[in-house]
Amino acid sequence: MEVQSITKNVRMSAQKMREVVRQIQGLPAAHAQAVLAAVPRKGARFVAKTLKSAIANAEDLKTHKKEYSDFKTDRLRVKEAVAQTASILRRFTPKARGSAGPILKRNCHIKIVLSDD
């Protein structure tokens, strides 16, 4: 069985977030949390928050949903962890001769899928 958590519109580019997300793919959930605690990047905090939410979702489903009663929350693994692009805030800065240069403030969505297989 699978359970997921999604954090939307994180103010960081998906390219930077993917570097963090790749480090936890396929790891057991507890080990992934330990890895993220040691990573000195801003994106690691957002990914750790999403992972913690996915683990809490698994615990909640096990206690409240009958079809998840045989879900093994102690054997959770990160089956899928992705960072996808979200909307881009477009801003402009003044340039020479009255022109303007674009500033792209990128956002991303973080999706983590846990499985007990």
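The model is predicted, so local features are taken only where pLDDT is at least 70 and side-chain atom pairs only at pLDDT 80 or more, while totals for chains, interfaces and linings use all residues. Residues are numbered from 1 along each chain as its sequence is written, and side-chain values use heavy atoms, with hydrogens and water left out.

**Stop one: helices α2 and α3**

Begin by selecting residues 29-38, which form helix α2, together with residues 42-64, which form helix α3; helices here are DSSP runs of H or I with at least four residues, strands are runs of E with at least two, and both are numbered from the N terminus. Two packed helices are described by the angle between their axes and the distance between the axes. The axes of α2 and α3 come within 10 Å and cross at roughly 160°, where an axis is a line fitted to C-alpha atoms, for helices over the stretch in contact, and angles run from 0 to 180 degrees between N-to-C directions. That angle makes α2 roughly antiparallel to α3, given that angles under 35 degrees count as roughly parallel, over 145 as roughly antiparallel, 65 to 115 as roughly perpendicular and the rest as oblique. The crossing of α2 past α3 is left-handed, a term for a near helix turned anticlockwise from the far one by less than a right angle, with right-handed used if it is turned clockwise.

To see the contact itself (heavy atoms within 4.5 Å), show A29, A32, Q33 and L36 on α2, and A44, V47, A48, L51, K52 and I55 on α3. By class, this contact has eight nonpolar, one polar and one charged residues, where Ala, Val, Leu, Ile, Met, Phe, Trp, Tyr, Cys and Pro count as nonpolar, Asp, Glu, Lys and Arg as charged, and the others, Gly among them, as polar.

Stay on α2 and select A32, which counts as buried at 0% relative accessibility; buried means under 20% relative accessible area, exposed over 50%, and partly exposed in between, with a 1.4 Å probe and protein chains only. Apart from its neighbours within four places in sequence, A32 is in contact with I24, L27, L51 and V78.

**Stop two: helices α1 and α3**

Next, select residues 14-21, helix α1, and keep α3 in view. The axes of α1 and α3 come within 9 Å and cross at roughly 65°, and the two helices are therefore roughly perpendicular to each other. Here α1 passes α3 in a right-handed crossing. M17, V20 and V21 on α1 meet G43, A44, F46 and V47 on α3, a contact with six nonpolar, one polar and no charged residues.

Now centre on V20 in α1, which is buried at 0% relative accessibility. Leaving aside neighbours within four places in sequence, V20 touches L36, R41, G43, A44 and V47. From V20 to F46 the C-alpha atoms are 9.8 Å apart, although 26 residues separate the two in sequence.

**Stop three: the salt bridges**

Side chains of opposite charge can pair when their charged atoms come close. With a salt bridge taken as a side-chain nitrogen of Lys or Arg within 4 Å of a carboxyl oxygen of Asp or Glu, the count comes to two.

For one of them, select E19 and R41, whose side chains meet at 2.8 Å, N to O. E19 lies in α1 and R41 in the loop between α2 and α3, so that the pair links parts of the chain 22 residues apart. E19 is partly exposed at 38% relative accessibility, and R41 is partly exposed at 36%.

Then select K79 and E2, which form a salt bridge with the closest N and O atoms 2.2 Å apart. K79 is in strand β2 (residues 77-94) and E2 in strand β1 (residues 2-10), so this pair ties together parts that are 77 residues apart in sequence. E2 counts as partly exposed, at 38% relative accessibility.

Finally, look at N9 in strand β1, a residue other than glycine with a positive phi, near 55°; N9 is partly exposed, with a relative accessible area of 45%. R97, in the loop between β2 and β3, also has a positive phi, near 60°, and this residue is exposed, with a relative accessible area of 87%.
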